[in-house]
Amino acid sequence: MARTSPQVGRNHQASRAQRRADIRDRLRIAVEDLMADDQSYTALSVERIVKEAQISRATFYVYFEDKGDLLRALAEDFIERILVAASAWWELPPGATKSDLRAAMRSIFNAYLPHKVVMAAVVEVASYDAPLRTLFGDLLDRTIGAVADHIATGQSAGFVAPELDPLRTAAWLTWMAERGLYQLVASADEDRSERLLDAITDITWNTLYAQAVAA
Amino acid sequence: MPSVTRKSHGNRAKRRDDVRRRLLTVVERLMSQGESYAEISVERLVSEAGLSRSTFYVYFEDKGDLLRAWFTQVIEELEDAAGAWWQLDGSATRADLHVALGQIVRSYRPHTTLMAALYDISSYDVTAREEVTTMMGRNAGGLLRHVRDGQSQGWIDPFLRPEETAAWLMWMAERGLHQMVRTADDDEADKLIVAFTDIIWNTLYARAPLRRVAAA
């Protein structure tokens, strides 16, 4: 018994985490629907959200402390999706072309757009919620770290401009993407979105690869 | 009589400036301790500044009004700094760009905390949001004209989409200033300016037809 119980414990934990993720996704869809009608996250009550998601209030509080806790879970899940999409960029091979880069950037847009409301809620609530600010800062730091690794790796392999400071270049580019997606891409129609995709591809290409490739 | 009226107006404006300065000093101190502007109440603000609540409301409608009064005064200074970049032309070198961008970063630096406050409230204060949007629009417009001039004269990469490229770069500058430069010491700020310069140089100028001729 003593040897099997940790196993049982792990299974139990895993299924709780899975149930929490399922509930979180249902709540996310509810929040996205409610906020699409021009509501702010601050103005939404837990009551409204659980009603829209068709789960009980009690179930909500089994998995989340409060509305702020739910938003932190949504933010974490959101950045996770962006990071998965962005890995298409970081994993580009040395011989990649500008159109490969554009396709990778498109996958970031595609991961962002369906859940842009989550990002709007994060920006809104972060102005008064310190734990959310900290969490979002940590998530952005992880993203910056991944971009910096890509730059450093590319420099040793000779396909990224050697003079660039990996960490700080990554930081500027990541903040550009974070704010541009929120301010520009989220509200763009299809044509404008394509032009924005061209532009961020060119900025990234010219900054990182063009000089190294030409040399 | 008219002179008396003018004088009392002058005194009121001066008192308003004094009150504003005292309140904003408190705001900067609290924000540097990690608080956000949205979280700081008017009560807290006036008590830390040693003022009465009624004095606050004699001069300002609300917390947003206090910040807008400040913003109106610094906006010109900030736009002048941006002009150092727009003035560069085909003869400019990477070193010239480094100087111009350094000037922009250095004139923003003393104001980054209050700019962050303005961003905080603009997520819910419509007037503040309009001020920010107007400023970003003017800056993006300045950069857009610069890019178009450079493209037609051959010193900026002609394949770039001018409007969208200017928009991305403007947000990069804005976020970078508020998320990174705001908390950076002098040494870190210098490194950030170098990285910012490399990105702008490589994106806009390095691949321009005129530069390729010069390099060949």
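Select Glu32(A) and Arg28(A): the two are about one helical turn apart, because they are four residues apart in helix 1 of chain A. This is a predicted model. A salt bridge joins Glu32(A) to Arg28(A), with 3.3 Å between the closest N and O atoms. Glu32(A) is buried, at 13% relative accessible area, and Arg28(A) is buried too, at 9%.

Is Met35(A) buried or exposed? Its relative accessibility is 11%, so Met35(A) counts as buried. Show what surrounds it: leaving out residues up to four places away in sequence, Met35(A) touches Ser40(A), Tyr41(A), Leu44(A), Val117(A), Ala121(A) and Glu124(A). For a sense of scale, draw a line from Met35(A) to Asp22(A). The two are 13 residues apart in sequence, and their C-alpha atoms are 20 Å apart in space.

Next, select Arg106(A) and Glu194(A), whose side chains meet in a salt bridge of 3.0 Å, N to O. Arg106(A) is in helix 5 (residues 98–112) of chain A and Glu194(A) is in helix 9 of chain A, so this pair ties together parts that lie 88 residues apart in sequence. Arg106(A) is partly exposed at 32% relative accessibility, and Glu194(A) is partly exposed at 28%.

Compare Glu178(A) and Arg179(A), which also form a salt bridge, with the closest N and O atoms 3.0 Å apart. Here Glu178(A) is buried at 9% relative accessibility, and Arg179(A) is buried at 8%. Over all chains, the count of salt bridges comes to 39.

Go back to helix 9 of chain A, residues 190–214, and select Asp198(A). Asp198(A) has a relative accessible area of 17% and is buried. Which residues is Asp198(A) in contact with, leaving aside neighbours within four places in sequence? They are Arg102(A) and Arg161(B).

In all, 38 residues of chain B are in contact with 38 residues of chain A. The area buried between the chains is about 3,200 Å², and carbon and sulfur atoms give 65% of it. Select Trp168(B), Trp171(B) and Asn202(B): these supply 24% of the area that chain B buries against chain A, more than any other three residues.

Six salt bridges are found across this interface. One to display is between the side chains of Arg133(A) and Glu39(B), at 3.4 Å, N to O. The interface also has 14 residue pairs in polar contact. On the side of chain B that touches chain A, helix 8 (162–179) and helix 9 (186–205) are the elements that give two or more residues. Helix 8 of chain B gives the most, with 14 residues. By class, this side of chain B has 17 nonpolar, eight polar and 13 charged residues.

Finish with the aromatic rings, which make 14 pairs over all chains. Trp89(A) and Trp90(A) form a tilted pair, 6.4 Å centre to centre with 40° between the planes; both residues are buried. In chain B, Trp201(B) and Tyr205(B) form another tilted pair, at 5.3 Å and 35°. Trp201(B) and Tyr205(B) are about one helical turn apart, because they are four residues apart in helix 9 of chain B. Both are buried. Last, select Phe60(A), Tyr61(A) and Phe64(A), which form one aromatic cluster.

Key:
Residues numbered from 1 in each chain as written. Chains lettered and ligands numbered in written order. Predicted model: local features only at pLDDT ≥ 70, side-chain atom pairs only at ≥ 80, totals over all residues. Heavy atoms only, no water. Contact = heavy atoms within 4.5 Å. Buried area = accessible area lost by both parts, 1.4 Å probe. Salt bridge = Lys/Arg side-chain N within 4 Å of Asp/Glu carboxyl O. Polar contact = N/O pair within 3.5 Å; in protein donor to acceptor, adjacent residues only side chain to side chain. Nonpolar A, V, L, I, M, F, W, Y, C, P; charged D, E, K, R; others polar. Phe/Tyr/Trp six-rings, centres within 6.5 Å; stacked < 30°, edge-to-face > 60°. Buried < 20%, exposed > 50% of the residue type's maximum accessible area, 1.4 Å probe, protein only.
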